[in-house]
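Okay, everyone, thanks for coming. Let me put this one on the screen and we'll walk through it together.

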Amino acid sequence: MMNPFQAARANTPTLTIRGVGVFQGWLDPSEQEEMMLLLRQVVGSAPLFSPSTRFGKALSVQMTSAGRYGWFSDRHGYRYIAGHPAGGRWPEIPQPILDLWHSLTGLERRPDCCLINFYGEGARMGLHQDRDEADFSWPVVSISLGDDGLFRVGNIEKGGKTESIWLKSGDVAVIGGAARLVHHGVDRIRFGSSKLLKDGGRINLTLRVVD
Ligand code: SIN
Ligand code: MN
């Protein structure tokens with residue numbers, strides 16, 4: 001049986017890396033600027049913070065979220081929480097970001113979480129699976145803004161061959177279907193390669209259905 005994502009007939013990616021569809025240049029420069037304005041408002045009401053791993057080590061990537069749920073991590077593990085750790089609900093996901101999700105995936109269901117990752121100079125994200133959600137038949141949509149990021153994709157099981165691609169500002173990746181649980185991560189960014197963020201850095205937005 002087809003899952004909802006397959007049934008929705010998603011668009012055709014410009015390239016596929018180990019099952020992850022990449023839509024290169026999905027957002028043009030003015031759409032990227034518009035998204036940055038909206039994200040500044042989100043970060044103004046839900047400031048970036050550095051979660052720690054379950055081993056107590058701070059992640060090099062700073063994060064915050066918008067939507068019904070935000071992703072969080074501390075010594076008690078990885079999970080979604082209904083409000084910012086400093087208090088208050090997460091802000092709404094800005095409409096243009098929801099529009100991108102619907103037009104790219106063809107899904108009626110909206111995402112519950114827009115995780116905002118900020119990579120400053122030297123930040124990286126180790127290989128991991130996105131597996132804190134209840135139903136893996138929904139895809140994960142990942143939007144890149146700002147500096148180039150070296151995105152590595154492996155396998156569903158740990159280890160084995162991996163392949164990498166430089167994601168650029170405006171590229172959107174879809175981790176869904178048979179590739180929904182592949183290991184992926186960001187080895188490094190090319191700090192200062194884009195002018196979108198005044199002081200450099202990379203933003204990744206990850207849209208997910210949570211419950
Ligand atoms: C993530 O997997 O949460 C982020 C991926 C990226 O930054 O491109
Ligand atoms: Mn991920």
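I'll start with the sheet, then go to the helices, one threonine and finally the metal site.

First, the housekeeping. This is a predicted model, where local features need pLDDT of at least 70 and side-chain atom pairs count only at pLDDT 80 or more, while totals for chains, interfaces and linings use all residues. Residues are numbered from 1 along each chain as its sequence is written, chains are lettered from A and ligands numbered from 1 in the order in which they are written, and side-chain values use heavy atoms, with hydrogens and water left out.

So, the sheet. Seven strands make an open sheet, in the order β1-β2-β11-β8-β13-β6-β3, with antiparallel pairing. Strands here are DSSP E runs of at least two residues, helices are H or I runs of at least four, and both are numbered from the N terminus. Two strands pair if DSSP finds at least two bridges between them. Who sits at the edges? β1 (15-17) and β3 do, each with a single partner strand, so one side of each has no neighbour in the sheet. From one strand to the next the twist averages 20°.

Now look at β13. Seven of its seven residues are buried, and buried means under 20% relative accessible area, with exposed over 50% and partly exposed in between (1.4 Å probe, protein chains only). Both faces are covered: Arg202, Asn204, Thr206 and Arg208 on one side, Ile203, Leu205 and Leu207 on the other. β13 pairs antiparallel with β8 over six bridges, and seven bridges join β13 to β6, again antiparallel. Leucine 207 is the bridge partner of valine 141 and also of cysteine 114. Cysteine 114, in turn, is the β6 bridge partner of alanine 66.

On to the helices. α2 (residues 29-45) has 17 residues and spans 25 Å from first C-alpha to last, close to the 24 Å expected at 1.5 Å a residue; that expected span is 1.5 Å times one less than the number of residues. α2 lies across β3, β6, β8 and β13, at about 100° to β8. For the angles, axes are lines fitted to C-alpha atoms, for helices over the stretch in contact, and values run from 0 to 180 degrees between N-to-C directions. The buried residues of α2 are Gln32, Met35, Met36, Leu38, Leu39 and Val42. Their cover includes α3 (95-105) and β3, where contact means heavy atoms within 4.5 Å.

Threonine 64 lies in it, and is buried at 1% relative accessibility. Its side chain reaches the backbone oxygen of alanine 46 at 2.8 Å. That's a polar contact: N or O atoms within 3.5 Å, where within protein one must be able to donate a hydrogen and the other to accept it, and residues adjacent in sequence count only if both atoms are side-chain atoms.

Last stop, the metal. Which residues coordinate the manganese ion (ligand 2)? His128 (NE2), Asp130 (OD) and His184 (NE2) do, at 2.2 Å. Donors are N, O and S atoms within 2.8 Å of the metal (3.2 Å for Na, K and Ca), and water is not among the atoms, so sites may look incomplete. The donor spacing along the chain is H-x1-D-x53-H. Histidine 128 is in strand β7 and histidine 184 in strand β12, 56 residues apart. Histidine 128 is partly exposed, at 23%, whereas histidine 184 is buried, at 6%.
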